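This report describes one protein model, first as a whole and then in selected parts. Please look at the sequence and the structure before reading on.

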Amino acid sequence: MVLDLPRSDRFALRAATLPAAVVPGFSGPTANGLCSADLIVAQGKIEAVLAAGTAPAGIEGPDLRHKMVWPCFADMHTHIDKGHIWDREPNRTGDFEGALAAVRTDREASWTADDVKTRMEFSLRCAYAHGTGLLRTHIDSLAPQHRISFEVFRDMRARWKDRIALQAVALFPIDALDDEAYFADLVSVVSASGALLGGVTYPMPDLDRRLDVLFRTASDNGLDLDLHVDETQDRNVLTLRAIAEAKLRNRFEGAVTVGHCCSLARQDDSTAEATIGKVAEAGLSVVSLPMCNMYLQDRQPGRTPRSRGITLLHELKAAGVPVAVASDNTRDPFYAYGDLDMVEVLREAVRIAHLDHPLDDAATVVTSLPADILKVPEAGRIAAGLSADLVIFNARSWSEFLSRPQADRIVMRNGMGIDRRLPDYCELDPLMRG
């Protein structure tokens, strides 16, 4: 797409098509969840969102001819600490156990500060070029990796603060908190890093006791929680309900996000309905990772997968639970593909989870909803007073938008177009063994 953006401090983007669900307060007509508007940009911020054709004639700016304009994306569940290790340590079986083993091998052999820093930087350059402005990453946090990777993260967050707002979550198996010395040290690192406590839950003796320790520790230290939950097709696994009950039992006032929740879709209707009700009562937020879950779940040699691996997004949303989708892993043993491109994530989520018919609020699952869950309500929206962090697409309708990769998009930050060149994979060659 060829479009010359004005270089002046104040200009108009005329005849833009916007996803109405991410334009709070706009009162113009909508059709299929889309509205037409003129945007006035001044001093790097959105000055006004006007009805199409009403921007003052004296303000310079291009006629977009109904091209779509979106706010920058919020990618709320990623793993940029382990991204791009596939060429060094692939998942030979393509399943969950193979991913765990491959990552463990690679982490123990190669995850120095320089290695993690190089791969994190590469990942963020990709996300930035694609139009992401807010990103949360989970960080593998078994000792001694937690001290190595969180130091790298803090440096990365400072260096990227004007491009991508970064958040981090400590990722560890929940039974590791039984090692009191390790857990106390992890909590100190998380607190000093302004991060969140996380964890992976699975059926085990004393799960409720461990959840109570986790919730009490988070409460005592003013930390929110973001957990990996039930990433399996085993219908006998349902720790999601235990997490909701633990939040209620401990009267936890912080935010709790749960990711994956794949086995929920394997439950009978009454069990799923009761669990979703408890999730809603507890005020949990849910993030689905459709591409990674489709890759790993229900994989058996020589057998076509029967299950899509995603959680019950429609039912959760109907119960009032905030739901979003995100990238998850990128070119590592948990997902061999991906580029931290939220257009790809949304396009695949719409197809996999039937987030269409209608598409009216589909845009929110990669913009305003994850921004709210991440407690950055000014992100993921287009409104007067907000930064002009925008993405312009050569598409005028949902069908046009979702039918192509939108590789020619224009990304604007603070009202100015950015350099969208993606990093070359050869830059990672020095990290690859053999």
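## Overall picture

The secondary structure of the protein consists of twelve helices and 17 strands. Helices (H or I, at least four residues) and strands (E, at least two) are DSSP runs, numbered from the N terminus. This is a predicted model, in which local features need pLDDT of at least 70 and side-chain atom pairs count only at pLDDT 80 or more, while totals for chains, interfaces and linings use all residues. Residues are numbered from 1 along each chain as its sequence is written, and side-chain values use heavy atoms, with hydrogens and water left out.

The C-alpha atoms fill a box of roughly 70 × 50 × 50 Å, taken along the principal axes. The protein has a radius of gyration of 22 Å, which agrees with the value near 22 Å for a compact globule because the rule is applied to 434 residues. That radius is taken over C-alpha atoms, and the globule rule is 2.2 Å times the number of residues to the power 0.38.

Of the 434 residues, 59% are buried. Buried means under 20% relative accessible area, exposed over 50%, and partly exposed in between (1.4 Å probe, protein chains only). The protein exposes about 17,800 Å², and carbon and sulfur atoms supply 48% of this area. Accessible areas come from the Shrake-Rupley method with a 1.4 Å probe; for residues, only the protein chains shown count as cover.

Contact means heavy atoms within 4.5 Å. Among contacts between residues at least 6 apart in sequence, 78% join residues at least 24 apart. Arg7 is in the segment before strand E1 (10-19) and counts as exposed because its relative accessibility is 83%.

## Helix H6 and its surroundings

Which residues of helix H6 (residues 239-249) are buried? They are Thr239, Leu240, Ala242, Ile243, Ala244, Ala246 and Lys247. The buried residues of H6 pack against strand E10 (200-201), helix H5 (207-220), E11, E12 and helix H7 (269-282). Just after H6, Arg251 takes a positive phi of about 50°.

Strand E12 (residues 256-260) is mostly covered, with five of its five residues buried. Strand E11 (residues 225-229) pairs with E12 in the parallel sense over five bridges. Two strands pair if DSSP finds at least two bridges between them. The bridge partner of Leu227 is Val258 in E12.

## Backbone exceptions

Most residues other than glycine have a negative phi, and most peptide bonds are trans. The table lists some exceptions in this model.

| Site | Feature | Value |
|---|---|---|
| Ala143 to Pro144 | cis peptide bond | omega near 0° |
| His357 to Pro358 | cis peptide bond | omega near 10° |
| Asp328 | positive phi | phi near 65° |
| Gln406 | positive phi | phi near 60° |

Pro144 is in the loop between strand E7 (132-140) and helix H3 (145-159). Pro358 lies in the loop between helix H10 (342-353) and helix H11 (368-373). Asp328 is in the loop between strand E14 (323-325) and H10, and Gln406 is in the loop between helix H12 (398-403) and strand E16 (410-413).

Are Asp328 and Gln406 buried or exposed? Asp328 counts as buried because its relative accessibility is 1%. Gln406, at 4% relative accessibility, also counts as buried.
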